[in-house]
Amino acid sequence: MRLKARSVQNTGIPTASMADIAFLLIIFFMVTISFEVDKTQVTLPETDIRLEIPKQAAYVSVTENGQIRVSAGDEISVPVPGPDEVLSFAAGVVQSDPSKPFVLKADKGVPYQYVDGVIDSLKQAKAQVIYLLSNQETVDADETGG
């Protein structure tokens with residue numbers, strides 16, 4: 001008896017579409033990634049209410065030991081020596097975008113004169129909106145009437 005030879009099928013994984021899938025994943029992650037511009041670790045003070053902060057705000061952070069870090073909102077924060085440099089930084093930010101909001105992120109253990117010095121510097125630079133970051137659940141601005 002003569003048996004018919006079975007046809008051997010080629011086994012393999014189709015890889016033609018793998019490059020397309022990898023390319024689409026790279027584009028997806030590039031479009032959806034967001035970087036945290038201010039990674040300064042502070043213990044925020046407690047408040048009863050907290051408003052939503054704009055995404056592209058400029059950040060000024062004051063740590064417990066008085067170190068001040070600044071970021072215009074589109075780059076990683078950098079340390080500055082004192083409130084005078086915060087004034088020059090904020091003046092540059094306001095000059096490029098007068099309506100840009102500032103977020104002050106101060107540790108709850110910082111003496112108030114440091115925070116007051118930073119707020120004075122932001123006011124002298126003619127910052128229009130200054131947010132004080134606190135540790136509380138976020139409440140939508142429409143619910144508070146603000």
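How near do the axes of helix α2 and α3 come, and at what angle do they cross? I took this up as the opening entry, keeping in mind that the model is predicted.

Entry 1, the helix pair. I looked up α2, residues 83–96, against α3 and found that their axes come within 8 Å and cross at roughly 30°. Angles under 35 degrees count as roughly parallel, and α2 and α3 are therefore noted as roughly parallel to each other. I recorded the crossing of α2 past α3 as right-handed.

Entry 2, the residues between them. On the α2 side I listed Pro83, Val86, Leu87 and Ala90. On the α3 side the contact is made by Gly117, Val118, Ser121, Leu122 and Gln124. Sorted by class, the contact of α2 with α3 holds six nonpolar and three polar residues, and no charged ones.

I traced five strands in an open sheet, with the order β3-β2-β1-β4-β5 and mixed pairing. I checked the edges next: β3 (78–80) and β5 (130–132) each have a single partner strand, so one side of each lacks a neighbour in the sheet. On average, neighbouring strands of this sheet are turned by 25° against each other, direction ignored.

I followed β1 (residues 58–62) along β2 (residues 68–71) and found antiparallel pairing over four bridges. In this pair, Val60 stands opposite Val70 of β2.

Key:
Residues numbered from 1 in each chain as written. Predicted model: local features only at pLDDT ≥ 70, side-chain atom pairs only at ≥ 80, totals over all residues. Heavy atoms only, no water. Pairing = 2+ DSSP bridges. Axes fitted to C-alpha atoms, helices over the stretch in contact; angles between N-to-C directions. Parallel < 35°, antiparallel > 145°, perpendicular 65-115°, else oblique. Left-handed = near helix turned anticlockwise from the far one by under 90°. Contact = heavy atoms within 4.5 Å. Nonpolar A, V, L, I, M, F, W, Y, C, P; charged D, E, K, R; others polar.
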